[in-house]
Amino acid sequence: MNERLIDKAVNHFSKEILGNLKTLEVPEWGDDQGPMVIYYYPKMNFAQQRKIGELLEKGDRAEALCQQLIYRVLSENKKPMFAQGEMKLLMNSVDPDVVLSICNRMAFDDTEVSADDIEKN
């Protein structure tokens, strides 16, 4: 086996993130059919953690929370639900209580969703 250690480490992290997606219900963003279900990455990479840490060090907790949504929240087909260019909208036009609730639940939730579960939906 000639696989380099860095390749093994990268492969492991990719499996950890993509293989263990988690899910949350967001009633505030739902409709008559029920609450919206969002998927999210259980972890962030070092670069993402650094960016969040820098925002927190500057005292910008609100932007740090919105940045977490941009980094972690996905649609059912594993596509990001928020783009970096939507930061202003998140900061100015989205209910901060909902954003805080989502970020808190992502931080403390331990439900896992397998790729098979996503395919079934």
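The points below go from the overall fold to one helix, then to the charged pairs and the cysteines.

1. Basis of the model. This is a predicted model, in which local features need pLDDT of at least 70 and side-chain atom pairs count only at pLDDT 80 or more, while totals for chains, interfaces and linings use all residues. Residues are numbered from 1 along each chain as its sequence is written, and side-chain values use heavy atoms, with hydrogens and water left out.

2. Overall fold. The protein has six helices and three strands. Helices (H or I, at least four residues) and strands (E, at least two) are DSSP runs, numbered from the N terminus. Read from that end, the order is α-β-β-α-α-β-α-α-α. Of the contacts (heavy atoms within 4.5 Å) between residues at least 6 apart in sequence, 61% join residues at least 24 apart.

3. Surface and interior. The protein has 121 residues, and 30% of them are buried. Here buried means under 20% relative accessible area, exposed means over 50%, and partly exposed lies in between, using a 1.4 Å probe and protein chains only.

4. Helix H3. How far apart are the end C-alpha atoms of helix H3? They are 16 Å apart, which agrees with the 16 Å that the 12 residues 61–72 should span at 1.5 Å a residue. The expected span is 1.5 Å times one less than the number of residues. The buried residues of H3 are Ala-64, Leu-65, Cys-66, Gln-67, Gln-68, Leu-69, Ile-70 and Arg-72. Their cover includes strands E2 (34–40) and E3 (73–74), together with helices H2 (46–57), H4 (87–93) and H5 (96–108).

5. Salt bridges. Side chains of opposite charge can pair when their charged atoms come close. The rule used is a side-chain nitrogen of Lys or Arg within 4 Å of a carboxyl oxygen of Asp or Glu, and it gives three salt bridges.

6. Lys-43 and Glu-16. This pair forms a salt bridge with an N to O distance of 3.3 Å. It links distant parts of the chain, 27 residues apart: Lys-43 is in the loop between E2 and H2, and Glu-16 is in helix H1 (residues 5–18). Lys-43 is partly exposed at 36%, and Glu-16 is partly exposed at 24%.

7. The other two pairs. Glu-54 and Arg-50 meet at 3.9 Å, N to O. Both are in helix H2, four residues apart, so about one helical turn separates them. Glu-54 is partly exposed at 41%, whereas Arg-50 is exposed at 53%. Asp-7 pairs with Arg-4, the closest N and O atoms being 3.4 Å apart. Asp-7 is partly exposed at 32%, and Arg-4 is exposed at 53%.

8. Cysteines. How many disulfides does a search of the whole structure find? The search finds zero, where a disulfide is a pair of cysteine sulfur atoms within 2.5 Å. The sulfur of Cys-66 has its closest cysteine sulfur in Cys-103, 7.4 Å away, which is too far for a bond. Cys-66 is buried at 5% relative accessible area, and Cys-103 is buried at 3%.
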